[in-house]
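Here are some notes to keep beside you as you look through this structure.

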Amino acid sequence: MEKAPRKKEKRPMKKRTVLLLFLAAALAAGIAAVLLRPETQLPPPPEQPAQVNLLDRPAAEIREIECRPREGAGFRLVRAGESLIPEGMETIALEEGLIEEIEMMAAEVTAAQTVWDGEGSAALADFGLAAPALRLTVRYADGEEKTVLFGDLSPEETPQRYAMAEGKNTVYTVLEAECEPFFRERDYFRAFDQPRLDPSLLDRIRVEGDAVLDARYTPSGWILEKPYRYPADLARMDALLKKIGDMAFDMCLGSAEETDLSLYGLDAPALTVTLTQAPTVITGEAATGEQVTLDVPEKEYTLLVGDDTGESGVYVLWKGRVFRASNFLLGFWKEMNADGLLLLRPVNFPANDLQRVSFASGEVRKAYRVALVESVTENNQIAVDEYGRTLYECEVTRDPEGEIVDQEAFLTWYLKLQSIGSEGRLPEGYQPQGDPEAVIVLRSNSVSREIALYSYDSLHDALCVDGTALFYTSRSWLGQAQEAP
């Protein structure tokens, strides 16, 4: 008889196990609740403070705008019909767009941020508002009047200026770009034409007064005639010409007849600048379709440069009118220095502009004639480029024999001559003595240049160009230059 199986004894769960099961059940219930409940609604973002307008009325309701700076004259615009007119300028041609800009800005002056609410140890003087830099007063057609005070510039990265409504305690900042026009002067609204010079047409620049310069254009480059005769550096002259082409004025103060020139240093100007424009021909098409040409004769322009404005600017007289200009655009005239225009490497004629080159040093005597001749193909045809233009090559012959010189050998030697350059300035008033170590003469279609080198010290030669010695150069180049083909 088999024995009956014994039943397994049930053991009670430990309290720790019961607690873990309970926590697991609660966690599962929580996860289910999260998965099943509707999407959680996040709280709305905090409400942003309302925009603060120090002035906020339509431009059409403005009767007057008065700007009184701490320094300077300021201006007052008065309603005349539908337009605002600067007081005292009723019969003068005006820049209407600038007046409309002021009108629109005065209609709404908006604070960028609030910086002080009148509490604490700060004071209006800390913001430049105890004696404000500018008082902007706007009067309206219904008799209301509002004034905004502008103080110092704030230290923010984006330029801003402290401001407050007169009679209030709260200090704000206003973007500098939105209040800068209120700091202008009345003459700023006077209409005028900016100078429009084409630098490529200038062929002479003369400066007299505190600085002296007389530069003349030739097909082989610019030449200085004063303060000494010396070739000018092409890149530096191009930079000067660009500045001349970029000249512009800030505002017109009136004609020479209606202004006191002595107030601006223009009765005895610091500089008198004369710009000569070469004669030219303008080609165009008439209304009938016919091609017409107009000869424009040589023309001279005169610019008088007077006193500094005291605000990084200068007063000038141009075409009979007095202007104020920034140093950024016209200050280069007062910084004029002829030495900064001098050519430091005088052998600079392009090979295709050469006619003759001679070199003499010791027993070495070489002279060459240079000409451009039509390039010929192997088929004995005149060579042309992809646009059908004739191609030329340099033909060099020995002078006076007429013997043809290898073109490549000549150009290699000419490059050595072009390496002659300044390594320092000679003493003021230096005059070379004795016979030259070497003489180079260049002739082009328009000018000739003589370059003579005189012994200066054991390592250097004085560089004398067209009879003027200003720089010295290393003597080491001379041996290579004597190896002429």
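**Notes for a first look**

1. A word on the overall picture. What you have here is a predicted model. The protein chain comes to seven helices and 30 strands. Of its 485 residues, 39% are buried. If you take the contacts between residues at least 6 apart in sequence, 60% of them join residues at least 24 apart.

2. Let's begin with one of the sheets. Nine strands make up an open sheet in the order β14-β13-β12-β11-β16-β19-β20-β21-β15, and the pairing is antiparallel. The edges are taken by β14 (230-231) and β15 (251-255), each with a single partner strand, so one side of each has no neighbour in the sheet. Further in, strand β20 (residues 313-318) and β21 run antiparallel and are joined by six bridges. To find the place on screen, look for Trp-318, which stands opposite Arg-321 in β21.

3. Helix α4 (residues 234-245) lies across β11, β12 (213-218), β13 (221-226) and β16 (271-277). Its direction makes an angle of about 80 degrees with β11.

4. Please also look at the hairpin formed by β17 and β18, which has five residues between the two strands. In the turn, Gly-289 has a positive phi of about 95 degrees. Strand β17 (residues 280-285) pairs with strand β18 (residues 291-296) in the antiparallel sense, over six bridges.

5. Strand β22 (residues 354-361) and strand β27 (residues 438-444) form an antiparallel pair over six bridges. Across that pair, Arg-356 stands opposite Arg-443 in β27.

6. Now for the aromatic rings. A search of the whole structure turns up 20 aromatic pairs. In one of them, the rings of Tyr-188 and Phe-189 have centres 6.4 Å apart and planes at 85 degrees, so the pair is edge-to-face. Are these two residues buried or exposed? Tyr-188 counts as partly exposed, at 23% relative accessibility, whereas Phe-189 is buried, with a relative accessible area of 0%.

7. Phe-192 and Phe-323 form an edge-to-face pair, with 5.3 Å from centre to centre and 65 degrees between the planes. Phe-192 sits in the loop between α3 (176-179) and β11 (202-209), and Phe-323 in strand β21 (residues 321-326), so this pair ties together parts that are 131 residues apart in sequence. Phe-192 counts as buried at 14% relative accessibility, and Phe-323 is buried with a relative accessible area of 2%.

8. Rings can also link up into a group. Ring pairs join Phe-359, Tyr-368, Phe-410, Trp-413 and Tyr-414 into a cluster. Arg-57 lies over the face of Tyr-140, at 4.3 Å from the ring centre. Arg-425 lies over the face of Phe-471, at 5.4 Å from the ring centre.

9. Last, the cysteines. How many disulfides does the structure hold? The count is zero. Cys-179 counts as buried, at 0% relative accessibility. Cys-394 is in strand β24 and counts as buried too, at 12% relative accessibility. Leaving aside neighbours within four places in sequence, Cys-394 is in contact with Val-370, Ala-371, Leu-372 and Gln-407. From Cys-394 to Val-373 the C-alpha to C-alpha distance is 6.5 Å, with the two residues 21 apart in sequence.

Note on methods. Residues numbered from 1 in each chain as written. Predicted model: local features only at pLDDT ≥ 70, side-chain atom pairs only at ≥ 80, totals over all residues. Heavy atoms only, no water. Pairing = 2+ DSSP bridges. Helix = DSSP H or I, 4+ residues; strand = E, 2+ residues; numbered from the N terminus. Phe/Tyr/Trp six-rings, centres within 6.5 Å; stacked < 30°, edge-to-face > 60°. Buried < 20%, exposed > 50% of the residue type's maximum accessible area, 1.4 Å probe, protein only. Lys NZ or Arg CZ within 6 Å of the ring centre and 35° of its normal. Contact = heavy atoms within 4.5 Å. Disulfide = S-S within 2.5 Å. Axes fitted to C-alpha atoms, helices over the stretch in contact; angles between N-to-C directions.
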